Amino acid sequence: MCGIVGYIGPKSIDSVLLVGLIKLEYRGYDSAGLAVISDGELTIAKEKGRIADLENRLRNLELRGHVGIGHTRWATHGEPSRRNAHPHTNSDGTLAVVHNGIIENYLELKQILQKKGYVFESETDTEVIPHLIDDFLRQGLTLERAFLATLKELKGKYALAMISELQKERIYFARNGAPLIVAMGEHAGQKEYLLASDIPALVPLAKLAYYLHDGEWGYLDNGVFLFNLENQHVDFSWEAVTIRAEDIDKGSYPHFMIKEIYEQPEIMRRILRRRLRQNQILFDELRLSKDFLSSLGRIIIQASGTSLHAGLVAKLYLEQRAHIETTADYSSEFRYRNPVVGGDTLVVGISQSGETADTLAGIHEAKAKFLRVLSFVNNLNSTIARESEGVIDLMAGPEIGVASTKAYTAELLNLYLFALYLSELRWKIQEEEKKSLALELQNIPSYMEEILQQEKQLRAISEYLADKNSVLFLGRTFNYPTALEGALKLKEISYIHAEGYAAGEFKHGPIALVTDKVPVIVIAPQGEMRSKMISNLQEAKARKGTIIAIISKGDDEIAALSDFAIEIPSIREELSPLLAVLPLQLIAYHTALLRGCDVDKPRNLAKSVTVE
Ligand code: M6R
């Protein structure tokens, strides 16, 4: 949610910052801007819209310099506009600030500053920061001291960067509750220093990186200088940047979303290779003792969006496989609902980004109740990973498309294996059953490949859906969350209204929505729920609903009852969510394309939701 970049080094400043911003555009894309020390003067360029719009604006500006900061915005305070775009400056335009997060006491600070005569140009919370620094400068503090004094006034979350004409060779930065990384690279024998909200913006320039902790601030000039809020020097060690350029590139695919959909079989192979060895289930990075895990009384899963849908499936895995009472809750609800818990409760957070504000707050809430916390994350350097006692690596690789796809199936598979791991620790699984499951799991990658080969047929379904106003999704037990996920994918990228329901609940109200203009997508693979799903399908069909069914291969009975049928390979019901979601991802993708939507950057959304 908002992306920040900073660069100090020998390369052409505007192109380095623009390339960094393009790679961070998934974090927010309603406006963008740069501040550069060009010919010794602070120069600002900002524009409403995408980075491409900013790039056009830069064509008329000749920026020369080697110190600069940039920002891509997801609006919180103030509509998307050039006026509200970052960077924001002090009144005489000698210092500029970019910010990610929310300054909670900005109104209070704004009033104090206005009384002192400061005039605000934007509706943002961020603008108090440059004026506050300015105010401290007027009181006689040095820039460094004024920056620190300002940080001490701010309440809320921030990652920020600042440059000024007063110290032309420096970039100040600070982190509190929003991610920020400093990094170092080398160009033509000269060191270069970088700053970014996320690692993709630093590739391929940075060779070494340091992930800042909350309360750390400092500056980049001919090195990285780091302090805490007591102004004590902080020692840190660099980590090698291992991410490769191709991991964050679309390659030959037109969009990140479709690239990420196609990566799923390989990710499943990667997870199985690491976690399953000779029928042993391995979680070597876990950090929670086997004694604790085997005596767990209860699990509370808390997550947001797609990750919560994976959590809803995992609730069934943990209850049915490991026999542990489990609840799954939206983080945004869990954090405020003050649940009744005991010392044998484990709170599980699930988050692709590892930065979702609500999920992080849920972890803080659990820790405040002295509960143990385990998180499943796709980034081991993320805030959620750091703040959790136990951590499990999703191993999906960087996910850039705003619509989560590969992270979902990686979450499902890791959670399933974790449930099996617990069932083993708690003596709830026979060796024979484990062997047969291990064999079946090995089929998942090739089964996924089979489904992906049906992309053309799925596109035909999208053609049918593209002009509809509303689509309903039905599933039961393991595939009720699949229905929720299918609906979320469709609505977030194609803007068609879509809802997922537990199929048994359909007749208690939502069935009133069915007409010949409201298609119903029924997830009905083989298994215990199949016959129940046939009844629900019939109910929708009797009301003239067009039926699109996801069925197991060879299920001619359901195929004959449906207007469109998509086959997935036969697999035990508990594993079917891993397969059934793929056609739904592809249907959402093609429907969005047919409606002319920007699938990788849907309106109003951002990839990593770091505000409440
Ligand atoms: O990074 P997280 O897994 O914590 O993100 C949670 C949600 O914000 C995310 O899944 C969101 O719902 C996606 N846009 C879904 O495609």
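Predicted model: local features only at pLDDT ≥ 70, side-chain atom pairs only at ≥ 80, totals over all residues.
Domain bounds here come from an automatic or database domain assignment.

View 1. Three domains divide the protein. Domain 1 covers 3-248, domain 2 covers 250-442 and domain 3 covers 453-598. The centres of domain 2 and domain 3, taken over C-alpha atoms, lie 25 Å apart.

**View 2. The contact between domain 2 and domain 3.** Domain 2 brings 30 residues to this contact, and domain 3 brings 23 residues. About 2300 Å² is buried between domain 2 and domain 3. Carbon and sulfur atoms account for 65% of that area.

**View 3. Salt bridges and polar contacts across the interface of domain 2 and domain 3.** Three salt bridges are found across this interface. Polar contact joins 14 residue pairs between domain 2 and domain 3, counting pairs with both residues at pLDDT 80 or more.

**View 4. The salt bridge of glutamate 433 and arginine 572.** The two side chains meet with an N to O distance of 3.4 Å.

**View 5. Helices on the side of domain 2 that touches domain 3.** Each of α6 (256-262), α7 (264-275), α9 (305-322), α13 (406-425) and α14 (431-442) supplies at least two residues to this side. The most come from α9, with nine residues. By residue class, the side of domain 2 that touches domain 3 holds 17 nonpolar, ten polar and three charged residues.

Note on methods
Residues numbered from 1 in each chain as written. Heavy atoms only, no water. Contact = heavy atoms within 4.5 Å. Buried area = accessible area lost by both parts, 1.4 Å probe. Salt bridge = Lys/Arg side-chain N within 4 Å of Asp/Glu carboxyl O. Polar contact = N/O pair within 3.5 Å; in protein donor to acceptor, adjacent residues only side chain to side chain. Helix = DSSP H or I, 4+ residues; strand = E, 2+ residues; numbered from the N terminus. Nonpolar A, V, L, I, M, F, W, Y, C, P; charged D, E, K, R; others polar.
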